[in-house]
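Please inspect the sequence and the structure before working through them.

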Amino acid sequence: MAALPPDPKGWSVEDVKRWAMEVVGIKEEHADKLVQQEIDGKHLLKLNKRDLLDVGISLAAAVDLMEAIEGLGGGGGSSSVAAEPELSSKRARLDAITLQEGDGAELESVLW
């Protein structure tokens, strides 16, 4: 069997299915759901657990897939490393707003 392309962004839908079954170890029925949704490598890296569950992939398979996707450098979920700088930026803006508003206790409680 041929090796997968080294960059997951270049994977075809069939490459993703093969990776999901052979590397991650999910059942074909779950891998087929990725095919039905036309998930190629570029889209795979943007998925989060909710996306996987929404298309009918079992929770266990979704967890396994997300761990593997994160290992590839992807994962569009709120727990992904890529989301943390954005969250930090939002917190910094909220801190600045709170400071500008004086006491800010009421504002802070509404925002959090």
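Predicted model: local features only at pLDDT ≥ 70, side-chain atom pairs only at ≥ 80, totals over all residues.

**Exercise 1.** Determine how α1 and α2 are oriented relative to each other, and identify the residues through which they meet.

*Solution.* Step 1: the two helices, α1 (residues 13-24) and α2 (28-36), pack at an angle of about 155°, and their axes lie 9 Å apart. Step 2: angles over 145 degrees count as roughly antiparallel; α1 and α2 are therefore roughly antiparallel to each other. Step 3: the crossing of α1 past α2 is right-handed. Step 4: on the α1 side, the residues involved are Val 13, Glu 14, Val 16, Lys 17, Ala 20 and Met 21, which meet Glu 28, Ala 31, Asp 32, Leu 34 and Val 35 of α2.

**Exercise 2.** Is Lys 17 buried or exposed, and which side chain does its own side chain join in a polar contact?

*Solution.* Step 1: Lys 17 is located in helix α1. Step 2: its relative accessibility is 14%, and buried means under 20%, so Lys 17 counts as buried. Step 3: the side chains of Lys 17 and Asp 32 are joined by a polar contact of 2.7 Å. Step 4: beyond four places in sequence, Lys 17 touches Glu 28, Ala 31, Asp 32 and Val 35.

**Exercise 3.** Describe the largest nonpolar core and the surroundings of Leu 34.

*Solution.* Step 1: the largest nonpolar core has 18 residues, and Trp 19, Leu 34, Leu 44, Leu 52 and Leu 65 have the most contacts inside it. Step 2: α1, α2 and α5 (59-71) each give two or more residues to this core, with the largest share, 5 residues, coming from α5. Step 3: apart from neighbours within four places in sequence, Leu 34 contacts Val 16, Ala 20, Ile 39, Leu 47, Leu 52 and Ile 57.

Conventions. Residues numbered from 1 in each chain as written. Heavy atoms only, no water. Helix = DSSP H or I, 4+ residues; strand = E, 2+ residues; numbered from the N terminus. Buried < 20%, exposed > 50% of the residue type's maximum accessible area, 1.4 Å probe, protein only. Polar contact = N/O pair within 3.5 Å; in protein donor to acceptor, adjacent residues only side chain to side chain. Contact = heavy atoms within 4.5 Å. Core = buried A, V, L, I, M, F, W, Y, C linked by side-chain atoms within 4.5 Å. Axes fitted to C-alpha atoms, helices over the stretch in contact; angles between N-to-C directions. Parallel < 35°, antiparallel > 145°, perpendicular 65-115°, else oblique. Left-handed = near helix turned anticlockwise from the far one by under 90°.
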